[in-house]
Amino acid sequence: MIAQDSERRAGIEPESQAAEHQAEPVRPTGRRSLLWLPVAALIIGLIVTAALALVSHSQYTSNEKRLLKLRVRDAGALIAGALPSVQTPLASSAELADATNGNPEKFKRFIAPYVGHTPGRTFATVSLWRLSSPQGGPVAVVGVPPKLALTPAAAMAFFAQVVRRPQLNVIGLLGAPDPRLGYAFATPGVPGGYVAYGENPLPASRRSRLASSSQFAGLHYALYLGRGQQPRKLLVTDGDRTPLPGHEATAIVPFGNSAFTLAMSAQGPLAGTLPRDLPWIIVGAGVLLTLAAAGLTLRLVQRRRHAEGLADRLELIADENQRLYGEQRSIAQTLQHALLPDALPQIPGVETSARYEAGEEGVDIGGDWYDVIDLEDGRLLLVVGDVSGRGLRAATTMASLRYAIHAYAAQHDAPTEILTKLSYLLNVADTGQLATILCALVDVDRREISVASAGHLPPLLIQNGNGQYVESDIGLPIGVEPGASYTSTTISAPPASTIVAFTDGLIEHRGEDLDQSLERLRGAAVARNGALPELLGGLVKELHSGAAADDIAIVGLRWTS
Amino acid sequence: MDELEPHQRVELATDAAGNAIVRISGDLDISGIDSVQAQVAPVLAEHPAKLIVDASGLRFADSSAIALWVRWATTARSFELRNPSPLLRRVVTAMGLAEKLAVTP
């Protein structure tokens, strides 16, 4: 029964550990892959970069448009500001002519400073016409001959208009070659008066580049006569084509009875190159940062996976250790049980039972043992012992003591003699080991028990709800003194009584007084009824605290009558 | 982690009479036996007149600790177990070792 029990205990644990072991590796596959993280970082980074670049670009574009509009307005204001310098000389000379009845000499003398090709001279030619008969040609001319004079019909139509409009009148003589722009002014409300008419040549190809020192350098421009950008009304431009390349801003500048339309576009960024390049800088930096962030995330994810892989491996190693530990432990327990009796002797009149419980900690074998030896003369020897220390050394010492007791018992030595003989077998100074041993010689028929103790805890005698320890003189543990002497105490046991011997692992509690521990065992034992094996099993279960490091050996004998 | 820290502490001293005093405090069980033995071995090698184990600071001692003292008691010229706790004294007495270990007081 004991052997079966031990085998079952030894067998169950590795199996259950193996079952846990199989369940473990499922966990890693349940882990979610985090590879989407760097991809997400990449996508988010690119989206943010694109958004920033777009915002920056639209800022740049709208800013450029605003700046261009301002420049066009400035240029328009400049052109509008030129009106008086054209109108005033003509108006004054027309007034002079009216006052002097068209005196050509006075007119010429007055207007001469405004005519010429040198800078500061406003007109290429200025002529005086009689409004009532313009077809007759000019009354006086200063400078080159006026082109308008070549087409009397056009001149008549133009001057007829001048009369009606008391302001500077503008006419475009744009036919090639020698295109010109003409201005006329007559004092309003003077019938039969005079009109002063000036002309300025336009560049033959209508092309004129701005000086690089001009405040409008860096801009393309095109100037048209009238409102709108009709190609045939183009006066002058700096470019090769109209409409101008790039974004165009226009301003209409009223000028006398007509107007100029000015169109401009930027040759390069007006606010400098940085705002223009900023979107690309953002794109470049953003892409680099995004790639770096994605790379870093990838690295972190990979490290994490690596760490998880390590953790998995460690887990497997821990499981393997656990398995090996269990295996080793079961080997130790198997060995221990092999050193303990296979089966207890069957003796009429008494029932015997024993249990061995391995300590929870460690895989070492303990040095506890029990024995029941049939002396085959109606007596038997009940033995419980405990070799100090653990491991193979403790177990082998235990085995040698146990077999020695068998030998001495076979010679029918009394318990005291057995202990004294054992005291020569072990020496603490050599091995560091002590052994406490309780020998109880039981006479079945006479119900007598002789107890001799080598430093061992006393056995408990239970009968009919009462329990008492069989106190005897405590001799030295085995190993202290070779040839130590022992005395035995003999008691007579009541009918159907039970004697239980045990090792200190059963009662030992750190911090608890030994007498308290013994009292606890006594209380637990007398409270239990039932068969002997159940009594021993129940006591082990009840008293053996889960954290107990020590092994337990317990043996019991009960008179069946 | 617990395993790496000794549960017990050993202090060595000599009294005026030339007795070696081993003061052990904390918990002494099988895991600390080798360490304590190694620390006390040089003291024993000098054969002091008496080896005194002062157990006043010892909270717990198991049977291997007691076996260690018995070993010292059989090796040294004279031995004394001084100031064990009542619990420890009771265990020593239960093992029949009170006299061998010269428990005082």
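How far apart are the axes of helix α1 and helix α2 of chain B where they come together, and at what angle do they cross? In this predicted model, the axes of α1 (residues 33–45) and α2 (residues 63–75) of chain B come within 11 Å and cross at roughly 15°. Because an angle under 35 degrees counts as roughly parallel, α1(B) and α2(B) are described as roughly parallel to each other, and their crossing is right-handed. On the side of α1(B), the residues that take part in the contact are Ile33(B), Val36(B), Gln37(B), Val40(B) and Leu44(B), and they meet Ser64(B), Ala65(B), Leu68(B) and Trp72(B) of α2(B). Sorted by class, this contact of α1(B) with α2(B) is made of seven nonpolar and two polar residues, with no charged residues.

A second pair of helices can be followed in chain A. Here the axes of helix α8 (residues 391–410) and helix α9 (residues 415–422) of chain A come within 10 Å, and they cross at roughly 135°. The angle therefore makes α8(A) and α9(A) oblique to each other, while the crossing of α8(A) and α9(A) is right-handed. From α8(A), the residues Leu401(A), Ala404(A), Ile405(A), Tyr408(A) and Ala409(A) meet Ile418(A), Lys421(A) and Leu422(A) of α9(A). The contact of α8(A) with α9(A) has seven nonpolar residues and one charged residue, but no polar ones.

The size of an interface is often given as the accessible area lost when the parts come together. Chain A and chain B bury about 1,800 Å² between them, and 64% of this area is on carbon and sulfur atoms. In terms of residues, 25 from chain A are in contact with 21 from chain B. One salt bridge is found across the interface of chain A and chain B; the side chains of Arg90(B) and Asp515(A) meet in a salt bridge, with 2.8 Å from N to O.

Finally, two details of the backbone deserve a careful look. Most residues other than glycine have a negative phi, and most peptide bonds are trans. In chain B, however, the peptide bond from Thr104(B) to Pro105(B) is cis, with omega near -5°, and Pro105(B) is found in the segment after β6 (103–104) of chain B. In chain A, Ala496(A) has a positive phi of about 60° although it is not a glycine, and Ala496(A) lies in the loop that runs between β18 (488–492) and β19 (498–502) of chain A.

Notes:
Residues numbered from 1 in each chain as written. Chains lettered and ligands numbered in written order. Predicted model: local features only at pLDDT ≥ 70, side-chain atom pairs only at ≥ 80, totals over all residues. Heavy atoms only, no water. Axes fitted to C-alpha atoms, helices over the stretch in contact; angles between N-to-C directions. Helix = DSSP H or I, 4+ residues; strand = E, 2+ residues; numbered from the N terminus. Parallel < 35°, antiparallel > 145°, perpendicular 65-115°, else oblique. Left-handed = near helix turned anticlockwise from the far one by under 90°. Contact = heavy atoms within 4.5 Å. Nonpolar A, V, L, I, M, F, W, Y, C, P; charged D, E, K, R; others polar. Buried area = accessible area lost by both parts, 1.4 Å probe. Salt bridge = Lys/Arg side-chain N within 4 Å of Asp/Glu carboxyl O.
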